[in-house]
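This report describes where two ligands and the spaces around them lie in a protein model. Please keep the sequence and the structure in view while reading.

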Amino acid sequence: MEIKITKTTAPKTKPTLEQEKSLGFGKVFSDHMFVMEYTEKDGWHDARIQPYQPLSIDPASPVLHYGQEIFEGLKAYRRVDGSIGMFRPEENAMRMNRSAERMCMPQIPVEMQVEAMKALVDLERDWVPHSEGTSLYLRPTMIADGSTLGVHAAPRYIYFIICAPSGAYYANGLAPVRIYIEDAYVRAVEGGTGEAKCGGNYAASMKGAFVAEEKGYDQVLWLDGRHNRYIEEVGAMNVMFVLDGKLVTPKLHGSILPGITRKSILELARDMGMEVEERQVDVQELFDAYKAGKFSEAFGTGTAAVVSPIGEFCYKNEVIKFGDGHTIGTISQKMYDTLTGIQWGKLPDPHGWTCTL
Ligand code: PLP
Ligand code: COI
């Protein structure tokens, strides 16, 4: 693919080492963005890297009215040898295409997506922050463009990638979170769009998250939309439990996003000789196992935090608390250390998951 590069004439000031501490997530954006457009006649065309700027779209565009939009999220980070690393970007590209299929949007060849990400990261390499745990978060996105209010797939699509230098998720070590098990709102249902990374899923999850926060919790544990009892995900992360020494996670059945961190941690657990189960998990099973002393750890998995230990669950006034609620389980810590060790180039990468530029 030929990518036309137009460099900015007004580069922004990059965060200093001191400012990297307060970067947060997705608040600062780099100098450039990747963009290309699609029409049925011309396919994907006009691939370019241009200065970061607003998009111009028709007010009647389907993305604005019917939410025909999908996205991805992945990181580029400074490895210990000074190179810039990325983690399984082709997995994100493949998931983008599965999301596109679900939302009646065009496919983008995986190689084309990975080439676009790498070209942009290469140009923005000075925007990859330096402090331990920080990263340049990439947000590849596809939106439906055009001038039509008919409820059907759009005539045009725009694919773009923006980059946000982001702070260390855990500036002071892994912090366990308090989780509210939601029994009124659902995030997704089987047959719906839960397994696609589309904007509407996140809009649908905001109310539940808001209510949980009002009650003093950090995140929501989502239950299935049909029976309201089987565990799905935690916030915008997949969820794993250590039950009777086994690593247990809800199996993918249509309403759960197939996380790349989830997939990687399951492989690492198998490498470590742990027994792994992907199956339906009834919320009651968690409370029964807790009472029987067989529920020792729980954590979320996702690109942003990698591993997010859970300290406490609350469900209809019943509570599960691991220790004092602030202690990180040994398996959670081991998974975090191993996966980030591979990503940052501190540990060998036996599966060939990382690439460098
Ligand atoms: N579940 C949801 C709803 C998400 O948005 C994400 C984040 O990307 C994940 C799970 C974790 O996926 P991954 O590990 O690929 O980042
Ligand atoms: C993650 O990367 O783990 C996420 O949950 C992404 C989120 C900001 C949509």
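A polar contact is a pair of N or O atoms within 3.5 Å; within protein, one atom must be able to donate a hydrogen and the other to accept it, and residues adjacent in sequence count only if both atoms are side-chain atoms. The model is predicted, so local features need pLDDT of at least 70 and side-chain atom pairs count only at pLDDT 80 or more, while totals for chains, interfaces and linings use all residues. Residues are numbered from 1 along each chain as its sequence is written, chains are lettered from A and ligands numbered from 1 in the order in which they are written, and side-chain values use heavy atoms, with hydrogens and water left out.

**Ligand 1**

Ligand 1 has 15 residues around it, and Tyr202, Glu233, Ile260, Thr261 and Thr303 come nearest; a residue is near a molecule if one of its heavy atoms lies within 4 Å of it.

| Ligand | Residue | Part of residue | Distance |
|---|---|---|---|
| Ligand 1 | Arg95 | side chain | 2.8 Å |
| Ligand 1 | Lys197 | side chain | 2.8 Å |
| Ligand 2 | Ala236 | backbone | 2.8 Å |
| Ligand 2 | Thr303 | backbone | 3.3 Å |
| Ligand 2 | Ala304 | backbone | 2.9 Å |

A further oxygen contact of ligand 1, at 2.8 Å, is with a polar backbone atom of Ile260. Taken alone, ligand 1 exposes 380 Å², and the protein buries 95% of that; accessible areas come from the Shrake-Rupley method with a 1.4 Å probe. The elements that give two or more residues to the shell around ligand 1 are α6 (260-271) and β15 (295-302). Helices (H or I, at least four residues) and strands (E, at least two) are DSSP runs, numbered from the N terminus.

**Ligand 2**

Which residues surround ligand 2? They are Phe25, Tyr137, Arg139, Tyr202, Ala236, Gly302, Thr303 and Ala304. This shell has five nonpolar, two polar and one charged residues. Ala236 supplies a backbone contact to an oxygen atom of ligand 2. On its own, ligand 2 exposes 290 Å², of which the protein buries 80%.

**The pocket and the cavity**

On a 1 Å grid over the protein atoms alone, a cavity is a set of points where a 1.4 Å probe fits but cannot get out, and a pocket is an open set with protein on both sides within 12 Å along at least five of seven lines; lining residues have an atom within 4 Å of a point. Ligand 1 takes up space that is the largest pocket, and ligand 2 sits in the largest pocket; a molecule sits there if more than half of its atoms lie within 2 Å of the grid points.

The largest pocket holds about 1100 Å³ of space, a volume being the space filled by probe spheres set on the points, which are joined across faces, edges and corners. Its lining has 43 residues, with Tyr202, Gly235, Ala236, Met237 and Ala304 nearest the centre. Helix α5 (residues 199-214) gives the most to this lining, seven residues.

There is one cavity of 30 Å³ or more, and the largest cavity contains about 140 Å³ of space. Among its lining residues are Ile260, Thr261 and Thr303. The largest share of that lining, three residues, comes from β5.

Definitions and conventions: Ala, Val, Leu, Ile, Met, Phe, Trp, Tyr, Cys and Pro count as nonpolar, Asp, Glu, Lys and Arg as charged, and the others, Gly among them, as polar.
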